There are 2 protein chains.
Amino acid sequence: MDFSSFLTSLGTSFVIFVVLMLIFTWLSRKPGNTVVYYPNRILKGMDPWEGGSRTRNPFAWIREAMSSTEQDIINMSGVDTAVYFVFLSTVLGILVLSGLVLLPVLLPVAATDNSVKMSQANDNTTTFSELDKLAMGNVKEKSNRLFAFLFAAYWVSFVSYYLLWKAYKHVSTLRADALMSPDVRPEQFAVLVRDIPPAPEGQSIKDHVDSYFKSIYPETFYRSLVVTDNKEVNKIYEELEGYKKKLARAEAVYDQSKTTANPAGSRPTTKTGFLGLLGTQVDCIDHYNEKIKDLISKLEAEQKVTLREKQLCAAIVFFTNRVAAASAAQSLHAQMVDNWTVMEAPEPRQLVWTNLQIKFFQRQLRQYIVYVIVALIIFFYLIPIGVISAFTTLDNLKKILPFIKPVVNIAAIRTVLEAYLPQLALIVFLALLPTLLMFLSKAEGIPSQSHAIRATSGKYFYFTVLNVFIGVTLGGALFKTFKQIEKRPNTLIPVLANSLPGSATFFLTFVALKFFVGYGLELSRIVPLIIYHLKRKYLCKTEAELKEAWSPGDLGYATRIPNDMLVITISLCYSVIAPLILPFGVLYFGLGWLVLRNQALKVYVPSFESYGKMWPHIHTRIIASLLLFQLTMCGFIGVKKFYYTPALFPLPIVSLLFWYVCNKKFYRAFADTALEAASRELKENPDMEQVFRAFIPPSLSSEKGDDDQFEDALSQVSRMGSFA
Amino acid sequence: MDFSSFLTSLGTSFVIFVVLMLIFTWLSRKPGNTVVYYPNRILKGMDPWEGGSRTRNPFAWIREAMSSTEQDIINMSGVDTAVYFVFLSTVLGILVLSGLVLLPVLLPVAATDNSVKMSQANDNTTTFSELDKLAMGNVKEKSNRLFAFLFAAYWVSFVSYYLLWKAYKHVSTLRADALMSPDVRPEQFAVLVRDIPPAPEGQSIKDHVDSYFKSIYPETFYRSLVVTDNKEVNKIYEELEGYKKKLARAEAVYDQSKTTANPAGSRPTTKTGFLGLLGTQVDCIDHYNEKIKDLISKLEAEQKVTLREKQLCAAIVFFTNRVAAASAAQSLHAQMVDNWTVMEAPEPRQLVWTNLQIKFFQRQLRQYIVYVIVALIIFFYLIPIGVISAFTTLDNLKKILPFIKPVVNIAAIRTVLEAYLPQLALIVFLALLPTLLMFLSKAEGIPSQSHAIRATSGKYFYFTVLNVFIGVTLGGALFKTFKQIEKRPNTLIPVLANSLPGSATFFLTFVALKFFVGYGLELSRIVPLIIYHLKRKYLCKTEAELKEAWSPGDLGYATRIPNDMLVITISLCYSVIAPLILPFGVLYFGLGWLVLRNQALKVYVPSFESYGKMWPHIHTRIIASLLLFQLTMCGFIGVKKFYYTPALFPLPIVSLLFWYVCNKKFYRAFADTALEAASRELKENPDMEQVFRAFIPPSLSSEKGDDDQFEDALSQVSRMGSFA
């Protein structure tokens, strides 16, 4: 890519961003769009335009984002989001501090040498670009100028250590503060118990759990909730909810039909058979009411059966204070470690109920199997995709699906299909990959949504770094130099070293595209806006349906963090080799911080709260990127035949040491709750009944006020001893 | 070594054993020796000859040992000793079951082949032994007979897995039973707190600890005991105790001097100067009494100063029940992991006080430094010893120490010295090695004696296995084949494989010597007997001195277990290659079991109780031996050019998996106390004051009844809340 086309691409991206930002300014001021641009505020019962959002100034949102404090973020979007911003600002800090030193030092050093020019003069097959002159590739072999690059590698590393240390400390405080909060949070009073051994003859699992915990915690044990096999009851519950929605919809349709011309309205009808298309015609509202009545009694019967007979070997146990729960979650209860394993209870909303009864060694086994599968996917995903691509030619498709023949024979469609079919399998695969990885992570037996997301994010990180970063770099280098290598195989290494900085241009464009177009789309929310308006117009009849249509979702850490990580990896690895990447990295994280600050305050609603447990995961991966950077630096400087290359070797060791120390010092406080945090006083005495109820899955919660039926599996009040 | 000299060596060892056993039978029946042969019974206040020990039957002790149950061992010598017997009997089981199948199967298979004879016919430099015919070396290359050896390797491995699994389960139950015991044990009510952060201005460390734990455990916190810098007070205390002993001795001497001829007796005198040799002559009893009076007041003053002003950043915290203590020991207390680290308190008698105040990261650092030092010692200890040996020639010694010249010039002494001087450094090193390793282990900052012993045992295991086993095997093989290799270097591997089984004879003799002579000496206790009688006759004057003279010590796991491990490693590694080793291994562990059973019941007094924490350590090292066996088998069968060698490759993987599963299932219950064990009811309500007093070091415990002075640093009664 030459310099002018690079500038063109950059310019285009910038124009797109500006246009999207203007669209955002214009659309977000329309009252009908508030649910798309301010859903978080609306759901929290706030005025969407508070703080003067509705001005004509297109930069008002920037001012708002800049002036928001960390506490605002925690209040609006939780600790996890605040931790995500710590991540963004830490990386931003690393790149800014690196850039401030590296750009003024390295660019002149590189630009005034002439290795690229010389190699071009010798060999006219190499393409030459203005940008390459500003990179390390332009420095001659064995030159003393390489000292500057060596120093730069140290500078970047130590800036990273310093800021990462500060960030870990800060996040640790954030987490402690959140855990100390005087608000009553149900999950802080509960632990999740798995691997319950079979109950003795004549005892239900619930009795077994109750007697076990009552004997260990005579004073602080409150109650237990045994996990049940809810498949059947969930099915009935979902059917019931479906009919309730249909009823609401039918009533809305009926109300709308009451126009002045037809004041009685026309009652909607449906057919009882397949998809409402076949069978006898019935009145909707009556039919649904009847169904609902049937289902409610069926549900109640099934609830009783489930609670009594479908108890599984897992339970949630409640304690009357936070210290008891936090300490129980960290203690070994049974002599055999694979019995009565106890861990912190996740929030009720993020429990993965179906995983709870998976046994100890099965979890271990599943984990290793999943790791192997993921490793195979990461390294060999191109093979099945290649095979599938080979078979999905137009001619094959026509043979298998003869009815598409008339469509395919149209010339225009044929051209488009022929262009995209080969990549179709790849596109589908990449689109489905996060879902696939999430499925695999859940298959490990992970009990909470947030943990599954961390696991997915980790897998996706390795996929992107290995395939995008290393794939493109090595692929590009090998392709460019293929002809030369054919002639003189022993020039492989120097040619590789000279052309690796060349891939930098590709990544510059890649990062620029990502931030201008990606964050432009993010800010303007054009796609959700269009979908919402389409749904509103053609599908939604009731308030509930409308609310569902604009429900904003969460920040989506599972893919967002790995994508950011890819940019960090690229920026770090090229920071010294081609320092021009740094301003682009700074722009990516700066713009990202701004745009996402806006989105976190106004748009996204977090779907769980893990009190910053994502941070150690992020920290480790930033250090992995740093290690990759240091190793590539050793390689690059080595290839330049620099005598003092060994001066770089301590860096990877320092990184590993830094990781080790951070891990030792901070990690356990993220895995467990520190008792000093849990022992803080609460605002009010916890209403234990409410804490307990928070964990009952909706399909099992009774509609009635009393809970006689729960006595079987759920409740066992034991306010004894000191609570008398 | 040929067959007849092997038999001679075996016979000699056996005769020595029989003689030592007879000596034991004879000496142990003399009443004056009971303190040497039955000290454990005497110290427990039992009749030394209960159960008919004093018969003329030389095998009575065997009957007693055989009929003793595990519970007897636990009662007499604690859980750790019972675990040691589980270890002995497990290994015995492995070797017996292996031998039952391997001897009848492999010996005929090997003996009827003739590879050794052939190689002898071809090459008359190889020495030939009858024993070698019974080993795998006698099987021809590529022979189908190797299937039998392959099967044997699987048999030995699976027998080991089965018995190790059973043993781990059994030991886990032993530990749980001991922890559930209804007796009040002080260490079960206490936790050790280290890395206490600096106290806020105006607070003592003790106030800091008290307020911290009271806020987390308002109901179960009892009291804290801050660790103080006891150097000064210990010095005074030891001086005081020394004078007390001297006084008792002087009084005994005075009493003895009151014969009928001289009824008044002569009061002993001493000089006040250096070692009682210089200075003015004084009356002993008066002088010592005066000194003691001085020192007591000095000690009391120093105690006050120590308790008030020398508080360190570690403490022992007491709880009013076992569950609270067990759970606190496993929980994270502070958000920063390197503050307020809490662990189970060791028994008071095994606390390593001087290590308690070492900080978190310093402990980590010390550990790694010690590991590096130990690795260097294991691999390179021969270098400094070689250097020292080179310098300690007689001529050099004469130059440095001219006064030894006349002694050295005597011909007889000169010969002996010249024979032993070269090995002197090595002998001294090997004798001091356990002490050195113990010193290094304590330098890691380990807080308890039993943990330090486990650490020493591990280090010693690696030393013996690497140097004795691998050293002798490879050394022997290389030495024998050196000439052949010189001529035809490419025959190295086959020659190595053929001569490795040859080292088996060396190890047969080694094991036989170890059990016959070693256990003979152990049983007969000749050395302690002689020392005791000498001391009694010439040194001891008082009862206390006598008691010290016959105090038996403990089983000495730090060197005993690594030595047993070496025998297991040898037996396992040669079990298939030269199955004749198996009966010797069986004899070693069988005799060992018998002799040590006797010693555990009657002689040794355990110096600590760690509730079987040694087991995971033993288990891991047996599996390490098994792995070494499996890897050598892969190598040996491979060298025989056997086509099905890869059929052995799964074995090491299975071993690692087995280790992993055992570790996951059982290990944590050995690191921590399971709450279900701690929650068992106690026989009586614990006397917390007594529990607390158990941890006060003798130099700090007041002679008076009241403990006003402890208020400063030790006590803070807080019987609040539910204990009102």
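Reader: How many salt bridges does a search of the whole structure find over all chains?
Author: The model discussed here is a predicted one. Side chains of opposite charge can pair when their charged atoms come close. Searching the whole structure, over all chains, gives a total of 38 salt bridges.

Reader: Why are B:Glu232 and B:Lys235 separated by about one helical turn?
Author: These two residues form a salt bridge, with their closest N and O atoms 3.9 Å apart. That distance falls within the 4 Å limit for a salt bridge. B:Glu232 and B:Lys235 are about one helical turn from each other because both belong to helix α9 (residues 231-257) of chain B, where they are 3 residues apart.

Reader: How many salt bridges does the rule find across the interface of chain B and chain A?
Author: One pairing between the chains joins B:Asp338 to A:Lys665, whose closest N and O atoms are 2.7 Å apart. Across the interface of chain B and chain A, the rule finds a total of 2.

Reader: How many residue pairs are in polar contact between chain B and chain A?
Author: Here a pair counts if both residues have pLDDT 80 or more. Between chain B and chain A, the count of residue pairs in polar contact is 25.

Reader: Which element supplies the largest share of the side of chain B that touches chain A?
Author: Several helices of chain B each supply at least two residues of this side, namely α7 (146-180), α8 (205-216), α11 (322-330), α12 (360-380), α25 (650-671) and α26 (675-678). By type, the residues of the side that touches chain A are 19 nonpolar, 10 polar and 9 charged. The largest share, 7 residues, comes from α25(B).

Reader: What area do chain B and chain A bury between them?
Author: The contact draws on 38 residues of chain B and 39 residues of chain A. In chain B, the residues that lose the most area to chain A are B:Leu332, B:Gln335 and B:Lys665, together 21% of what that side buries. Carbon and sulfur atoms account for 56% of the area buried between the two chains, which is about 3,400 Å².

Reader: In the open sheet of chain B, which are the edge strands?
Author: This sheet has 4 strands with antiparallel pairing, in the order β2-β5-β1-β6. Its twist averages 30 degrees from one strand to the next. The strands that pair on one side only are β2 (221-228) and β6 (341-344) of chain B.

Reader: Which residue in β6(B) is the bridge partner of B:Leu192?
Author: Strand β1 (residues 190-194) of chain B runs antiparallel to β6(B), and 4 bridges join them. In β6(B), the partner of B:Leu192 is B:Met343.

Reader: Which residue in β6(A) is the bridge partner of A:Val193?
Author: Chain A has an open sheet of 4 strands, ordered β2-β5-β1-β6 and paired in the antiparallel sense. Within this sheet, strand β1 (residues 190-194) of chain A pairs with β6(A) over 4 bridges. In β6(A), A:Val193 has as its bridge partner A:Val342.

Reader: At what angle does helix α10 of chain A run to β5(A)?
Author: Helix α10 (residues 284-309) lies across two strands of chain A, β2 and β5 (311-319). Relative to β5(A), helix α10 of chain A runs at about 85 degrees.

Note on methods
Residues numbered from 1 in each chain as written. Chains lettered and ligands numbered in written order. Predicted model: local features only at pLDDT ≥ 70, side-chain atom pairs only at ≥ 80, totals over all residues. Heavy atoms only, no water. Contact = heavy atoms within 4.5 Å. Buried area = accessible area lost by both parts, 1.4 Å probe. Salt bridge = Lys/Arg side-chain N within 4 Å of Asp/Glu carboxyl O. Polar contact = N/O pair within 3.5 Å; in protein donor to acceptor, adjacent residues only side chain to side chain. Nonpolar A, V, L, I, M, F, W, Y, C, P; charged D, E, K, R; others polar. Pairing = 2+ DSSP bridges. Axes fitted to C-alpha atoms, helices over the stretch in contact; angles between N-to-C directions.
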